[in-house]
Amino acid sequence: MLDLLTRYAQDHGLISEPGFKPKRARWALVFNAGGHPVGVQELGDTEARKNPGRLFERCPDLSQSEIVSAGSGCRHFLLDSAEVVSLFGVQGTDGDEPAKAQAKHDYFVGLLRQASAVIPELGAIADSLSDPNVLHEINSQLEAKKAKPTENVTLGLSEPSVHFLVDRDDWHDWWRQFRAGLKKGQSSDPMLSFVSGRSVEPAATHPKIAGLTDVGGMSSGVTLASFDKEAFCSYGLEQSANAAMSEEEAATYRATLDELIRERSRRLAGVKIVHWYAGSATHRLEVPEEFDPLSLLEDPPDIEADEANAQHRAGRLLDAIRTGGREDLLLGHYRYYALTLSANASRVMVRDWMEGAFEELAGHIDAWFDDLSIVRRDGKGSAPRPKFLAVLGAIARDLADVPAPIQAKLWR
């Protein structure tokens, strides 16, 4: 499975360098060249009922072990929660939370000062974020826009036109050197990689995977390969040396799972199913949505408008495979992969794995529709073929009442 995830990252050009990962930000604090704030800007689809913010493809990222190594208060650079960046929502909290938030904020500002050696404007922005009056002004705007302390914030410059610092690449080398400084004195003997079979220095811990909070995972992320208890370890090995992979290899499979969960997943009971397709060495084009067999099982947004399409797409897909109707794709060369995931707090749970020929998958889904076909009430032709969720809903009063194991078994 891990070698296939690695191949997916290579085929799709995913950014998998350790220390970088895609992240979303809902808000941007925009400053002028002198470091004075000029406004708060909402990012992403501002018309959406629930705006997830804008996805930035290459953001700085630290592993949990690097955060621990850096010391108290360390979080991330250039993009973090509003609570960290501007102390938004901290006032009025009880206990030692204000002190913890202040430590994280001070560290964030300190990183901006250090990075001003390569981006001078960051020094002036750090001065502004250290000024209580400026923070009050920023937080008043965030409150007026109904922002939440946990929503991510990044930094922008207004000149010559608004752009976001995290989109630039002039901080990349500085960030690589900063991370290297956190690892000084940490090295391990070479081992054979669990993924590639090459001799590598095994990563002590693996990066966390995002997007599984709604199936039991923690908001901070979950780990696929984790050995934090003696009972999980063998042959005297510690931590992730029990499934040795280089830092780069671990970052690669994480990048793939993050994208699949974000872009190619569906929630089913208490699990998420991700799927993708891969061709041969000479056929690696992305399978278009119109030729995705699993999309045929989804309920379309407008069933009436899609009725004719829904009834015939599976058959047309099979015809295209068998007759070579799309020579540019040659779908018969493709295979499908489907991974069923859930989480238990900080750990990923792999519940199921399916793979097979693309044509076989299309044939099974076409047979699903044929087996469930019925005549219309007026006897004139066939009724619309039922979608997967419609079949589930027919066996209970409410979809939520269908037991999770039955949902998973029917899906398989």
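How many disulfides does the structure hold? The count is 0, and keep in mind while browsing these views that this is a predicted model.

View 1. Of the 412 residues in the protein, 45% are buried. Take the contacts with a separation of 6 or more: residues 24 or more positions apart account for 68% of them.

**View 2. Two cysteines, C59 and C233.** Zoom in on C59 and you'll find a buried residue, because its relative accessible area is 0% and anything under 20% counts as buried. C233 comes out as partly exposed: its relative accessible area is 24%. As for disulfides, the structure still holds 0.

**View 3. Helices α4 and α5, axis to axis.** Helix α4 covers residues 97–115 and helix α5 covers residues 121–129. Their axes come within 7 Å and cross at roughly 155 degrees. Angles over 145 degrees count as roughly antiparallel, so that is the label for α4 relative to α5. The crossing of α4 past α5 is left-handed.

**View 4. Side by side: the residues where α4 meets α5.** On the α4 side, look for H105, F108, V109, L112, R113 and A115. Their partners in α5 are L122, G123, I125, A126, D127 and L129. Sort the residues of this contact by type and you get 8 nonpolar, 2 polar and 2 charged.

Key: Residues are numbered from 1 along each chain as its sequence is written. This is a predicted model: local features need pLDDT of at least 70, side-chain atom pairs count only at pLDDT 80 or more; totals for chains, interfaces and linings use all residues. Side-chain values use heavy atoms; hydrogens and water are left out. A disulfide is a pair of cysteine sulfur atoms within 2.5 Å. Buried means under 20% relative accessible area, exposed over 50%, partly exposed in between (1.4 Å probe, protein chains only). Axes are lines fitted to C-alpha atoms, for helices over the stretch in contact, and angles run from 0 to 180 degrees between N-to-C directions. Helices (H or I, at least four residues) and strands (E, at least two) are DSSP runs, numbered from the N terminus. Angles under 35 degrees count as roughly parallel, over 145 as roughly antiparallel, 65 to 115 as roughly perpendicular and the rest as oblique. A crossing is left-handed if the near helix is turned anticlockwise from the far one by less than a right angle, and right-handed if clockwise. Contact means heavy atoms within 4.5 Å. Ala, Val, Leu, Ile, Met, Phe, Trp, Tyr, Cys and Pro count as nonpolar, Asp, Glu, Lys and Arg as charged, and the others, Gly among them, as polar.
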